[in-house]
Amino acid sequence: MTDTTSNAMWGGRFADGPDAIMEAINASIGFDKRLYAQDIRGSRAHAAMLAAQGILTDRDAEAIREGLLTVLSEIEAGSFEFSAALEDIHMNVEARLKTLIGEAAGRLHTARSRNDQVATDFRLWVRDQCDAADAGLRALQSALLAQAEAGADWVMPGFTHLQTAQPVTWGHHMLAYVEMFARDRGRLADARARMNECPLGAAALAGTSFPIDRDATAEALGFERPMANSLDAVSDRDFALEFLSAAAIAAMHLSRLAEELVIWSSAQFRFVALSDRFSTGSSIMPQKKNPDAAELLRAKTGRIMGAMVALFTVMKGLPLAYSKDMQEDKEQVFDAADTLLLSLAAMEGMVRDTTPNRPALEAAAASGFSTATDLADWLVRELDLPFREAHHVTGTLVALAEREGCDLPDLSLAQMQGVHGGIRADVFDVLGVHNSVASRTSYGGTAPANVRAQVARWKEVLG
């Protein structure tokens, strides 16, 4: 099957166009049309630079500029007809531009290759996703901060191994995720800074003999500088890998929070009530309220992590400079970015709508011998026992309480003194969960005063 349209785009080297199978495997327009805005923006910057350098006439440059704006409006209006025969977004735009303005359209590709063109488009798109993900993470931090401020002094159990460990505050637990998502924002900011170099002007791989001004195009597109090596400029996909890596870590954090919401909203815990907006019912069990949004967030983490592995696999064996394998660099990044932004929006909504069950949190905080460490610390501080001995005494008292079917504060002073005669009545002051959390005033600790100070700091940071 001969395709003269594709043949014309490829040039005179080929006598025949691709057959249907080759066209299907070669075409990327089905997904890379998402780059249309970035592609047109890059082409406009390139044309303006060519005119400024005297490589294009002002007349041709103006025709190209107006034609590209027409193409942009057609795509945004939904009236543009994409063609698989034209392979990709670049050829689709150029073909339509030629229909609109004629021969001048062919001059746009002077001193440029699809290799540096796609590298520029993709870099611009991923940079935009970094900004969008940062905004989503910031909104989620704000939702968590509101929860932290409301529950700065609400006690709840802190867990290790999902076993009751020590009492903490609800606010402290919420702030832990604020810190996690701050690191995610930091990773995105770092990745964005590194990707903010412009490949445009590298041409196919070796640069160009035309007197182009790469600083001008870099500045026009908001890049910090042009990339310094033309081979690297068209070969590099580190920017996409870094974005996927940051996205995968953020998704893992979202999954951990989602897991806690699933556990906490269960009938066995009753720590929180999720809103109807982010829950579903059962088709057979009328009592059920399922945390489906949180469960889906856990699962979507796999898509993002899978995208990262997929792109690593595509890139790992490629020589310099461009190989057609790199056409497979976009779909997984597109999907991962969409998934991350949707997940961030869903989690923000869930967090804002979540209603903590303060009585259940406090009751759970007081169970499971959660103040045992406070008792051991009291024995060290008040009776000058070595910590290992205090640990042994406390363990003996825990075993006694277990046999008696009660918690540590329910033991009598006489029972405690039967284990260690130096124990005094003021030991009961440290066995309450509120006293326990209030005492954790070390920097980063769970004390309500600390939580309120951190809330104030984060409110200033987030603005």
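Strand 1 (residues 155-160) and strand 2 (residues 163-169) pair in the antiparallel sense over 6 bridges, where strands are taken to pair if DSSP finds at least two bridges between them. Within strand 2, T164 is the bridge partner of F159. The hairpin formed by strand 1 and strand 2 has 2 residues between the strands, and H161 takes a positive phi near 55 degrees there. Helices (H or I, at least four residues) and strands (E, at least two) are DSSP runs, numbered from the N terminus. The model is predicted, so that local features need pLDDT of at least 70 and side-chain atom pairs count only at pLDDT 80 or more, whereas totals for chains, interfaces and linings use all residues. Residues are numbered from 1 along each chain as its sequence is written, and side-chain values use heavy atoms, with hydrogens and water left out.

Helix 4 (residues 36-52) has 17 residues, which at 1.5 Å a residue should span 24 Å, and its end C-alpha atoms are 24 Å apart, in agreement with that value; the expected span is 1.5 Å times one less than the number of residues in the helix. Several residues of helix 4 are buried, including Q38, D39, I40, H46 and M49, where buried means under 20% relative accessible area, exposed over 50%, and partly exposed in between (1.4 Å probe, protein chains only). The cover over the buried residues of helix 4 includes helix 5 (58-77), helix 6 (89-101), helix 7 (114-150) and helix 9 (214-220). Just after helix 4, G54 takes a positive phi of about 75 degrees.

The largest nonpolar core holds 93 residues, of which L144, W264, V333 and M347 touch the most other members; such a core is a set of buried Ala, Val, Leu, Ile, Met, Phe, Trp, Tyr and Cys residues joined through side-chain atoms within 4.5 Å. Helix 11 (residues 238-264) contributes the largest share of this core, 17 residues. Apart from this core lies another, of 20 residues, among them W378, L385, M416 and V427. Leaving aside neighbours within four places in sequence, W264 is in contact with residues including M156, W170, H173 and F269, contact meaning heavy atoms within 4.5 Å.

I423 is found in the loop between helix 17 (413-419) and helix 18 (433-439), and this residue is buried, with a relative accessible area of 1%. Not counting residues up to four places away in sequence, I423 touches W378, L379, L383, L397, L413, M416 and Q417.

Side chains of opposite charge can pair when their charged atoms come close. With a salt bridge defined as a side-chain nitrogen of Lys or Arg within 4 Å of a carboxyl oxygen of Asp or Glu, the count comes to 28 salt bridges. One of them joins D60 and R107, whose closest N and O atoms are 3.1 Å apart. Because D60 lies in helix 5 and R107 in the loop between helix 6 and helix 7, the pair ties together parts that are 47 residues apart in sequence. D60 counts as buried at 15% relative accessibility, whereas R107 counts as partly exposed at 37%. A salt bridge also joins the side chains of R123 and D236 (2.6 Å, N to O), linking helix 7 with the loop between helix 10 (230-235) and helix 11 across 113 residues.
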